[in-house]
Amino acid sequence: MDDGNRSNQNNDEPVESGKLLRPADVLPGMLHILPLANRPFFPAQMVPLVVDRDPWQRTVEAAVESGNHYVGLILIRGDDPQAAGPDDFYPMGTASRIHKVVQVEDKLQLFVEGMQRFSIDSWVSRERPFVVRAQYFPESGYKDMQELKAYTVAVINTIKELLPLNPLYAEELKYFLNRFGPDDPARLADFAASLTTSDKHELQEVLEKTHIRERMEKVLVLLKKEVEVAKAQMQIHKNVEESMQKRQREFLLREQMKAIQKELGIAKDDRTAEVEKFRERLKDLTIPQEAQKRIDDEIQKMSVLEVGSPEYGVTRNYLDWLTQLPWAKFSKDNLDLKHARKVLDRDHDGLEDVKDRIVEFLAVGSMKGEVAGSILLLVGPPGVGKTSIGRSIAQTLGRKFYRFSLGGMRDEAEIKGHRRTYIGAMPGKFIQAIKDVGVANPVIMLDEIDKIGASYHGDPASALLEVLDPEQNRDFLDHYIDVRFDLSKVLFVCTANQLDTIPGPLLDRMEVIRLSGYITSEKMAIAQHHLIPRQLEKSGLKPGQLKIDSAAVRAIIEGYAREAGVRNLEKRLGQVMRKVVVKILNGAKPPIQVEVKNIDEYLGKPVFQPEKPQSGVGVVTGLAWTPMGGATLDVEATRVHQATRGFKLTGQLGDVMKESAEIAYSYISSHCKDYGAKADFFEKAFVHLHVPAGATPKDGPSAGVTMATALLSLARDKEIARALAMTGEITLTGQVLPVGGIREKVIAARRVKIDELILPAANRRDFDELPEHIRKGIKVHFASHYKDVAKIVFPRKK
């Protein structure tokens, strides 16, 4: 240990005085050891020490029973004294005398006094109670104090710097001076080290310095750090106090100013200020008599309530809502049809029939002088632009736009508001929308109206009946506002993917505009004009850094994004952009060319393979409608055996489709001879009818004609020799009934390059209303009876 061994004497080391030793100075050769976890114990310290009773009671008892009452206190390297073993102890500690032991519950409180440094010479017992042979380092005096005087003065001056910063240091210093003098450098250094909040490893280094000059140098460094920390703490405390005093002073001044202004009559209390604010809001509004009376009554009630009462807060919030509503405040409509067409063409490619319908709707409003009392319902697959069309209508009219979704809404209070008796009550969505836009004639979009729910909280769909009825919504009554508000000037635009889930009375109040899916050419125009520029901006690319040719866009549409809408197409284009960004950041030189031949690098293998209608005996291509758009559907019929008569259906068909299949089977089996098949074909045939794919649920009343044709092809043992698709429902008498979704079905046929269709005669008008670019190149046969279908499918040879 340094150079502090008794046998190595120098000017700074202790000198044997030759005087008689006191009993307390006679230190035992062996010491029982107690561990310290937080910081080492220094000689001349006298503090209480608390240890756990169970692990260390035997050690304390053994030290007391030895007669000298000495114990060795040594710092451990870890943090858990109970788990400490011989290897966890530092090599040097302090021999301390136990003056008193007090038991407090499961703890032992020892009053100990540090006597002298010692190091572990050897271990006598490596199990509890730990016992070691000790080598001591006495410090009874120093021959040459002049050389240490500078250190002593520096330590004392640093301690003086600490005294003003923390009053606890003064108490510690007073206790030290009562026991020792400032001319004892060893005790002074140990005391100064014990004052600091340094970590235990730095303090252990001080304890292990037996050379007094090295110890003083180390202690000075720790004291300087302590001064800096104490100054920082003092500054923080000072800043906090100044901030608090400033706020208190400002608060007192404000209160005094209020009192003075009140005495002079130039200030108002909070209640008066609130009432004046509410009246100020109503100055330029034309408020109905009923609402004005309610506002006056509430203001009167508010003027007599205590400001701190709960009723005051409820009344204040109610008046806040009533006075912020735009009573009879309307924005001026822009009914210029050319402007309307320009906005619609700018924001949307394709959808010509929809845009024409909207312009017609606005033209009627222009003729009347206002667009009021109208509820539009935009129905179509996801991603076809229903929400954006609603936004364009608002821009066309120059009206404010507000959108909220009804999907999953189950609480009637969302529509008509909560009653004010509830804590946290609020108006319904429509009153909130009117307040937010600040006018009484906005365009309000109700998204996903087909997905509205119902629960024990009420039926929101029924609550919407009042809102969406032009005859009722002029006197709309919100439960929270509790006065009637005129919603008749609001233009409601609703969106839905299908009509089946919308209640009939609600649907009856709406004007339906159908948005079918886009064909490939329309999707390409949308991608070039809208999607690609938007994705370039989102990815941070400049137009010159990426080149996507038209063939590549077509390949993405046909191989990765065949859905009716363009939402998935936009995702795929975004995926391409991200990979291009990675390439450029990795050093590729722009512009990056995306072509058909390298589209796999960006999007992987195509999700959709080219559709090829199946052909063969008993195989017929039908047309179906889905919420995602139109689709082709192959119907397969085969004879399994001739042992017995039977009919089997597969393909996860719904009840309606099963009935269609049974009707088709009954009709064809009873009219085989009429259509050129053997009259007894089905008498001994077990027929299996399947609609691929089996994992996809299918239902709907439009596959009867297709199933009948598949059965007739099987009975005649003759396949359809050309690309032909059909749709329509059949009756037991052979009548062909009309079906829906003609546009989607025609688009689906175009997609798989089928240019000859059979449609019900009653759907002729639906086909004629389709845009020219969809009808172009399609040959359509219209059938009113199944005989017409059979003539087209199996024409007689001339």
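Helices α11 (residues 352-368) and α12 (residues 386-397) pack with their axes coming within 12 Å and crossing at roughly 35 degrees. That crossing is right-handed. Keep in mind that this is a predicted model. On the α11 side, the contact uses Val 354, Ile 358 and Leu 362, which meet Ile 389, Ile 393, Thr 396 and Leu 397 of α12. Sorted by type, the residues of this contact come out as 6 nonpolar, 1 polar and no charged.

Now for the rings. The count comes to 17 aromatic pairs, and two of them are set out here:

| Pair | Geometry | Centre to centre | Angle between planes |
|---|---|---|---|
| Tyr 665 and Phe 682 | edge-to-face | 5.5 Å | 85 degrees |
| Tyr 667 and Tyr 675 | tilted | 6.2 Å | 50 degrees |

What does the pair of Tyr 665 and Phe 682 tie together? Tyr 665 sits in helix α21 (residues 655-670) and Phe 682 in the loop between α21 and β19 (686-690), so this pair joins parts that are 17 residues apart in sequence. Tyr 665 and Phe 682 are both buried. Tyr 667 and Tyr 675 are buried too.

Elsewhere, ring pairs link up into a cluster made of Trp 56, Phe 89, Trp 123 and Phe 130.

There are also charges sitting over rings. Lys 435 lies over the face of Trp 321, at 4.4 Å from the ring centre. Likewise, Arg 716 lies over the face of Phe 794, and here the figure is 4.7 Å from the ring centre.

Methods. Residues are numbered from 1 along each chain as its sequence is written. This is a predicted model: local features need pLDDT of at least 70, side-chain atom pairs count only at pLDDT 80 or more; totals for chains, interfaces and linings use all residues. Side-chain values use heavy atoms; hydrogens and water are left out. Axes are lines fitted to C-alpha atoms, for helices over the stretch in contact, and angles run from 0 to 180 degrees between N-to-C directions. Helices (H or I, at least four residues) and strands (E, at least two) are DSSP runs, numbered from the N terminus. A crossing is left-handed if the near helix is turned anticlockwise from the far one by less than a right angle, and right-handed if clockwise. Contact means heavy atoms within 4.5 Å. Ala, Val, Leu, Ile, Met, Phe, Trp, Tyr, Cys and Pro count as nonpolar, Asp, Glu, Lys and Arg as charged, and the others, Gly among them, as polar. Rings of Phe, Tyr and Trp (its six-membered ring) pair if their centres lie within 6.5 Å; planes under 30 degrees apart count as stacked, over 60 as edge-to-face and the rest as tilted. Buried means under 20% relative accessible area, exposed over 50%, partly exposed in between (1.4 Å probe, protein chains only). A charge sits over a ring if NZ of Lys or CZ of Arg is within 6 Å of the ring centre and within 35 degrees of the ring normal.
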